[in-house]
Amino acid sequence: MAFIKMTDLDLKGKRVLIRSDLNVPVKDGKVTSDARITASMATIKFAMDAGAKVMVTSHLGRPTEGEWSEAVSLKPVADNIAARLGSDVRLIKDWVDGGFDVADGELVVLENCRVNKGEKKNVEETAKKYAALCDVFVMDAFGTAHRAEASTYGVGMFAPVAAAGMLLTEELLALDKALANPARPMVAIVGGSKVSTKLTVLEALSEKCEQLVVGGGIANTFLKATGHNVGKSLCEDDLVDTANALITKMTARGAIIPIAVDVVCGKKFDPAEPAVLKDAKDVADDDMIFDIGPKSAQELVDIIMNAGTVVWNGPVGVFEFDQFGEGTKAISMAMAETKAFTLAGGGDTIAAIQKYDIYDKISYISTAGGAFLEYLEGKTLPAVAMLEERAKA
């Protein structure tokens with residue numbers, strides 16, 4: 001990947017427009033989880049310390065274009081950043097046509113870009129207006145890199161210079177290390193409720209890794225494909241043939257999809273439901289599989305401990321209920337202890353990482369949802385393609 005890094009530019013006195021991902025949960029006018037703001041601050045601070053005139057914008061929530069409301073305002077975000085910096089941060093509401101000044105070393109927050117007309121559809125007129133505000137456009141929102149919008153793609157095509165911010169650079173380098181040039185053996189763990197939502201990810205990873213671990217509801221479809229009864233478990237019958245084809249394809253090149261030999265069942269999805277350990281071949285018609293058993297968990301732990309690279313997206317059981325969380329906990333502990341390069345991403349995965357307190361033990365955690373999955377699928381992300389295109393200019 002060849003793109004210009006913001007850190008390689010002289011930003012002193014330059015108007016720098018940063019597209020960050022500051023889409024954080026807000027309640028009663030206060031940010032309730034500021035992990036994305038924390039992740040974005042390195043790029044913002046770098047530009048300020050370099051003496052740039054810094055403007056940062058982001059989307060927040062899902063506003064209707066042209067309809068601003070307090071519910072979708074970036075004011076709570078600006079307040080959060082101001083508290084970190086120990087100084088006031090101006091929030092500029094109507095910014096598309098300019099008309100405001102920024103001092104060297106100052107930061108201003110530009111109101112929710114998704115309120116602007118033409119943003120979502122990457123209207124050229126809107127993108128050109130954004131570009132006219134800056135000397136350097138910095139894309140730092142990997143979470144929206146899979147969308148070609150005016151603030152993530154169009155502005156970069158028209159700005160005098162387009163560069164990658166520190167967070168985006170770090171994310172792309174980690175993904176490249178895990179997927180393009182992985183240390184072997186490479187292991188991919190893909191959990192989730194449905195094969196259908198992760199099918200393209202499974203197919204792409206099945207060609208790259210030595211072991212493809214499937215978990216959650218996805219694993220039930222693979223269990224059924226190998227002739228096991230899964231009772232009333234979450235399972236996609238219409239994708240059993242697809243699961244079989246993936247097993248056959250990987251086996252043919254000496255790779256494997258480990259299938260659970262023991263499982264933890266319940267009769268209903270309930271926090272108080274007793275956990276019953278069973279051999280995978282003994283699942284009853286009224287059983288629901290909610291986790292893998294200790295033998296299966298140990299097999300996965302051994303795989304992770306012997307890996308060179310592990311990519312993790314999705315838990316292997318209903319870890320929200322402790323009695324069905326042992327499998328995901330075992331994987332988490334192995335991820336924390338392995339010497340492999342570990343890359344994790346996705347909301348449920350991050351929730352598991354937080355629950356088992358291994359946040360600082362994973363080599364790289366991606367905060368992006370859709371963009372992370374699309375990268376795993378091998379898709380070209382529009383914002384990354386734009387940065388590569390502009391690096392050639």
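Predicted model: local features only at pLDDT ≥ 70, side-chain atom pairs only at ≥ 80, totals over all residues.
Pro-185 sits in the loop that runs between H5 and E9.

In general, most peptide bonds are trans. The loop between H5 and strand E9 (186-190) also holds Ala-183. Ala-183 is partly exposed, at a relative accessible area of 41%. Not counting residues up to four places away in sequence, Ala-183 touches Gly-308 and Thr-309. As for distance, Ala-183 and Glu-119 are 64 residues apart in sequence, and their C-alpha atoms are 40 Å apart in space.

Next, the backbone angles. Most residues other than glycine have a negative phi. Asp-28, not a glycine, has a positive phi of about 50°. Asp-28 belongs to the loop between strand E2 (26-27) and strand E3 (30-31), and with 74% relative accessibility it counts as exposed. Asp-357 is also not a glycine, and has a positive phi of about 55°. Its loop lies between H11 and strand E16 (364-366). Is Asp-357 buried or exposed? Asp-357 is exposed, with a relative accessible area of 63%.

Glu-273 is in the loop between strand E11 (262-266) and strand E12 (276-279). At 9% relative accessibility, Glu-273 counts as buried, because the cut-off for that word is under 20%. Which side chain does the side chain of Glu-273 make a polar contact with? The partner is the side chain of Lys-268, at 3.5 Å. With neighbours within four places in sequence left aside, the contacts of Glu-273 are Gly-266, Lys-267, Lys-268, Gln-323 and Phe-324.

Asp-322 is found in the loop between strand E14 (309-313) and H10. At 54% relative accessibility, Asp-322 counts as exposed. The side chain of Asp-322 makes a polar contact with that of Lys-355, at 2.6 Å. Asp-322 and Pro-271 are 51 residues apart in sequence, while their C-alpha atoms are 8.3 Å apart in space.

Thr-328 lies in helix H10, residues 326-337. Thr-328 is buried, at a relative accessible area of 1%. Its side chain reaches the backbone nitrogen of Gly-317 at 3.4 Å. Setting aside neighbours within four places in sequence, Thr-328 is in contact with Asp-291, Trp-312, Pro-315, Val-316, Gly-317, Phe-319, Ala-352 and Tyr-356. Val-316 and Gly-317 will come up again with the pocket.

Now helix H3, residues 124-132. Its buried residues are Thr-126, Ala-127, Tyr-130 and Ala-131. Why do they count as lying on the same side of H3? They cover an arc of only 135° around the axis, and that puts them on the same side.

How many cavities of 30 Å³ or more does the structure hold? It holds one. About 60 Å³ of space lies in the largest cavity. Its lining consists of Asp-21, Arg-36, Ser-40, Phe-142, Gly-143, Leu-167, Glu-171, Thr-367 and Ala-368. Helix H1 (35-49) and helix H5 (166-180) are the elements that give two or more residues to that lining. By class, the lining has three nonpolar, three polar and three charged residues.

The largest pocket has a volume of about 610 Å³. It is lined by 39 residues, and those nearest its centre are Gly-192, Gly-216, Gly-217, Val-316 and Gly-317. Elements giving two or more residues to the lining are strand E10 (211-214), helix H7 (216-225), strand E13 (288-292), helix H9 (294-305) and helix H11 (347-355). Which element gives the most? H7 does, with six residues. By class, the pocket lining has 20 nonpolar, 14 polar and five charged residues.

To close, back to Gly-317: its backbone nitrogen is reached by the side chain of Thr-328, and Gly-317 is among the residues nearest the centre of the largest pocket.

Methods
Residues numbered from 1 in each chain as written. Heavy atoms only, no water. Helix = DSSP H or I, 4+ residues; strand = E, 2+ residues; numbered from the N terminus. Buried < 20%, exposed > 50% of the residue type's maximum accessible area, 1.4 Å probe, protein only. Polar contact = N/O pair within 3.5 Å; in protein donor to acceptor, adjacent residues only side chain to side chain. Contact = heavy atoms within 4.5 Å. Arc of directions from axis to C-beta. 1 Å grid on protein atoms, 1.4 Å probe; cavity = no way out; pocket = protein on both sides within 12 Å on 5 of 7 lines; lining within 4 Å. Points joined across faces, edges and corners; volume = space filled by probe spheres on them. Nonpolar A, V, L, I, M, F, W, Y, C, P; charged D, E, K, R; others polar.
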